[in-house]
Amino acid sequence: MQLYDFPAPTPRRIRMFLAEKGVEIPRVCVDIAKGEQFRPAFRAINPSCTVPALMLDNGTVLSEVPAIWHYLEATYSKPTLLGGNPEETALILMWERRMEFDGYFAAAEAFRNSVPAFACRALTGPHEYDQIEAVAARGRARMLNFYADLDARLATVEFVAGAAFTAADITAIVSVDFAQNAVGISVPDRCENVLRWHERVAQRPSYQA
Ligand SMILES: N[C@@H](CCC(=O)N[C@@H](CS)C(=O)NCC(=O)O)C(=O)O
């Protein structure tokens with residue numbers, strides 16, 4: 001197995017997942033800052049031109065974070081990050097998807113529609129799309145709503161999907177860090193539950209992945 005990787009938010013979701021499981025697999029850096037994702041050698045591996053991608057020993061390539069997570073969870077079952085029974089798994093998937101849709105995509109809208117380096121590349125992938133300033137503004141507004149909604153959620157539970165740390169926390173913290181570091185949208189001081197949760201999750205060794 002090898003992981004096609006880069007120090008960017010989405011591959012970090014896989015690195016954190018692996019670190020939580022205590023698993024190390026060989027990594028190949030695809031330098032997306034230099035455009036290596038568009039080179040024929042990588043397109044042959046992942047025509048979506050994105051990282052992460054996981055190549056299995058038989059040559060099968062998995063892209064898309066949830067698909068890679070499910071494979072890794074089935075292969076390295078402990079500790080579970082996707083739940084131990086159907087109800088737990090469904091709840092984790094529900095919360096994880098909300099974190100991605102409301103958090104990660106909000107930060108990505110704000111980032112990719114405003115940074116000059118992404119002119120004509122407002123969406124990832126092989127096709128060109130113009131930036132739209134109104135979408136960047138909407139992404140910033142959505143991110144603030146995400147913080148407020150996450151704060152309300154974390155007022156009642158310790159972790160995003162309930163009592164245990166799960167994949168939903170990985171997507172949530174990667175989204176928060178992406179918004180803070182790449183777009184400058186910090187968690188407001190009033191979102192005390194988010195701040196407390198962030199501090200706690202940041203103490204886990206996997207946070208450094
Ligand atoms: N839907 C993909 C998205 C992956 C993605 O957006 N990766 C970014 C890095 S964070 C990327 O490869 N960007 C390449 C580019 O900007 O051209 C997944 O869930 O794995």
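**Helix packing and core**

Modeller: This is a predicted model. To begin with α1, its buried residues are Thr10, Pro11, Arg12, Arg13, Ile14, Arg15, Met16, Phe17, Leu18, Glu20 and Lys21.

Colleague: Is α1 mostly covered or mostly uncovered, then?

Modeller: Mostly covered, with eleven of its 13 residues buried.

Colleague: What do those buried residues of α1 pack against?

Modeller: They pack against the strands β1 (2-5) and β2 (27-29), and against α3, α4 and α6.

Colleague: How far apart are the end C-alpha atoms of α1?

Modeller: They are 19 Å apart, which agrees with the 18 Å that 13 residues should span at 1.5 Å a residue. Just after α1, Gly22 has a positive phi of about 70°.

Colleague: Switching topic. Which residues have the most contacts inside the largest nonpolar core?

Modeller: Tyr147, Val160 and Trp197, in a core of 51 residues. At least two residues of this core come from each of α1, α3, α4, α5, α6 and α7. Another core, of eight residues, lies apart from it and includes Phe6, Ala8, Val30 and Ala53.

Colleague: What is Trp197 in contact with, sequence neighbours within four places aside?

Modeller: Leu150, Leu154, Glu158, Phe159, Val160, Asp169, Ala172, Ile173 and Val176.

Colleague: And α4 with α5: at what angle do the axes cross?

Modeller: At roughly 145°, and the axes come within 7 Å. The crossing is left-handed.

Colleague: Which residues meet there?

Modeller: Among them are Trp95, Met99, Phe101 and Phe105 in α4, and Val135, Met143, Phe146 and Leu150 in α5. By class, this contact has twelve nonpolar, two polar and six charged residues.

How values were computed
Residues numbered from 1 in each chain as written. Predicted model: local features only at pLDDT ≥ 70, side-chain atom pairs only at ≥ 80, totals over all residues. Heavy atoms only, no water. Core = buried A, V, L, I, M, F, W, Y, C linked by side-chain atoms within 4.5 Å. Buried < 20%, exposed > 50% of the residue type's maximum accessible area, 1.4 Å probe, protein only. Helix = DSSP H or I, 4+ residues; strand = E, 2+ residues; numbered from the N terminus. Contact = heavy atoms within 4.5 Å. Expected span 1.5 Å × (residues − 1). Axes fitted to C-alpha atoms, helices over the stretch in contact; angles between N-to-C directions. Left-handed = near helix turned anticlockwise from the far one by under 90°. Nonpolar A, V, L, I, M, F, W, Y, C, P; charged D, E, K, R; others polar.
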